[in-house]
Amino acid sequence: MVPFTVLSLLGGTYLYLTVPVSYESQSSVALLDSSAVAELAPTFGNPLSNAGGSLIVTADVLIRTLESSEAAAELRGRGVTDAYTAGFAPGSESPLLLLSVTGTDRAKVLAETDTLTTFAGEQLTALQEAAEVPPAYLVGTAPIVLPQTPVAEPKSRYQGVAAVVILGVVSAFLLSILMEGVAVVRRRHTLPRPGGPRAPKRARTGPLGRRIDATAVLTGYLVLAFFVPSNLALPALGGVGTPANVFALLGLLWYLATWLGGRVLPAPGTRPVRLVMCLLGLAVLAAYLSDALRGSSHQEILGADRGLIGFLVWVALVVLVSAGVQERARLDVLMRRMVVMGSVVAAIGFYDFAAATNIADSIHIPGLRASVAQVSVMDRGSFTRPRSTTAQPLEFGGMLAILLPFAIHQALDPVRRSLHALRRWGPVILIGGALPLTVSRTSIIGLLLVALVMVPRWKPARRWAAIGVLTASVAVFKVLIPGLLGTITELFASFLSNSDSSTQARTVKYSAIVPYLKEHPLFGRGFGTFTPDLYFFTDNQYMLTLAELGLLGIVALLALFITGIHHGGAVRRLARTESDRELGQAFFASSLVALVISATFDSLSFPMFAGIFFLLLGAGAGYLGFVRRAAATADAPGPRETAETAETAPTAEIKLPRPAESR
């Protein structure tokens, strides 16, 4: 893998440095009726009023002439050596021609476009003179849009670089599988016979000698998901082409290669969550076929393709966490890293709120483009709504809301009691404190749900302390940020009185989406096809799922949320320690928050929220498997001890395990 990957990266870098950027310039030319025809209707001296639709055939003849080999040869003689095109202007019903030239020299491209524009008029005149058309009936041309300043077109350059890198990585992956098979066959011939001496295992030393596991792969995903703005993606893949999603797909290939090599087996007791993903996959495939059979547009077909890629990303996250993490300690490390990185994203949100800006707007990564229209700084009342590295404040608040229960659990975990209080409670303060700053009902609902689910299960002393902290937090916000609590209260008051404009806009869309549901009620229109540029924003994940996946999709979506809630309840029921019981309650609260707030925005359309949700879904399955195996081992009957042995056996010293991140 290493040499092929390095060679592909070097080849991609070489192409990036040596292949020049292409520039494109365009101009538009309209055909005008002859002066004799123009006399039939008053023109008031305006020649453009004669650019009717009756000259379509003439325009088609001119286009074919410009694209002929004779015209190309004459243009080369005039200095037009770069590639050029001539065709009808998109969306135009009149004889309006679009001329474009693409080359690597900006100044030369502009001059060639001007030459091509002039040559088009000359060719039209030459065609009519060859047909001996009377001068009074000659059709003329008029430049409507003069040659434009050439614009850089780096897409072809990046496509070549991506092709080389992808070819190298895929070749390395296939070669690694082949070499693994060869190595397995060779080991079979060289294995010692039973009872014979065994060769000692070679020790792994150094940082590069440590075995890469699913936790390490998922840590790389979390870094990309949290710290690369979620609206930046590879141009060819659209919104699903974020670096984190691409890394997750590569992680899935790594898991498959490791599984095929026999080095890892799916963790026991984690199959139900993967069965639920199969149900979702069935809904996605059925919707894909429904989209193909209904004669959808090209944009909808591309959206359906992107939907399949997005679904594979979700599968990769669930499989890597639930089946790939083989040790409880490594899963604890992953959860801790996720909370810490989430608290850093929350801290960036504090900066956005205080500076009235969006730090993500200043992050530009070569090769990545914004997959959605530029989101300006959003205000509500007199406050700037932060979004940190997410695509929208709603995604920012929703993501923090499903992470908050785990930050609280880790702060209260007895294993971490020896750590400094700021290290334990810092993530809780950052994540919980950033939620009201979004000034959205979604964040407040998520915060209240976490409190209502977790606080009543605590012991009275901790419960009253938590109520006191929440009350003090409200007072702190009221003093430090005057007007914030009043703005939030007004949001809910206007919602209850149905006088809020955003609420009214959402309720109007509920009736507008009904006709689409009636067309394809069972399988939907296709996952990823109901895009805002073609239809409208739904602002409701359940309505969007009904439109795209139909009734089968809504059943699969509810099954996902219920599975997450089941994980939390089962972990709490089977847990043998107070820490595990609170961990189960955290999973219960997180899944319940996701279930409720998905009715307030299209949650799974946002890559960061969707990625963290499916990662937590797989983590819940992993913890449930560990807890079940621990409970089965503890309940298994062991060898009987005699009374004398029991009396003389020394009392076992109980030691608390070390914090997971210190291992």
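The following paragraphs go through a predicted model, from overall content to single elements. Local features rest on pLDDT of at least 70 and side-chain atom pairs on pLDDT 80 or more, while totals for chains, interfaces and linings use all residues. Residues are numbered from 1 along each chain as its sequence is written, and side-chain values use heavy atoms, without hydrogens and water.

The protein has 22 helices and nine strands, taken as DSSP runs (H or I, at least four residues, for helices; E, at least two, for strands) numbered from the N terminus. Of its 663 residues, 45% are buried, that is, under 20% relative accessible area with a 1.4 Å probe and protein chains only.

Strand β2 (residues 83-88) pairs with β3 in the antiparallel sense over six bridges; pairing requires at least two DSSP bridges. A83 has T102 in β3 as its bridge partner. Strand β3 (residues 96-103) is mostly covered, with seven of its eight residues buried.

Helix α9 (residues 271-293) packs against helix α10 (residues 298-324) at an angle of about 175°, the axes lying 11 Å apart. Axes are lines fitted to C-alpha atoms over the stretch in contact, and angles run from 0 to 180 degrees between N-to-C directions. The two helices α9 and α10 are therefore roughly antiparallel, a term for angles over 145 degrees.

Helix α20 (residues 578-597) spans 29 Å from first to last C-alpha over its 20 residues, close to the 28 Å expected at 1.5 Å a residue; the expected span is 1.5 Å times one less than the number of residues. Because 15 of its 20 residues are buried, α20 is largely enclosed by the rest of the structure.

Definitions and conventions: Buried means under 20% relative accessible area, exposed over 50%, partly exposed in between (1.4 Å probe, protein chains only). Angles under 35 degrees count as roughly parallel, over 145 as roughly antiparallel, 65 to 115 as roughly perpendicular and the rest as oblique.
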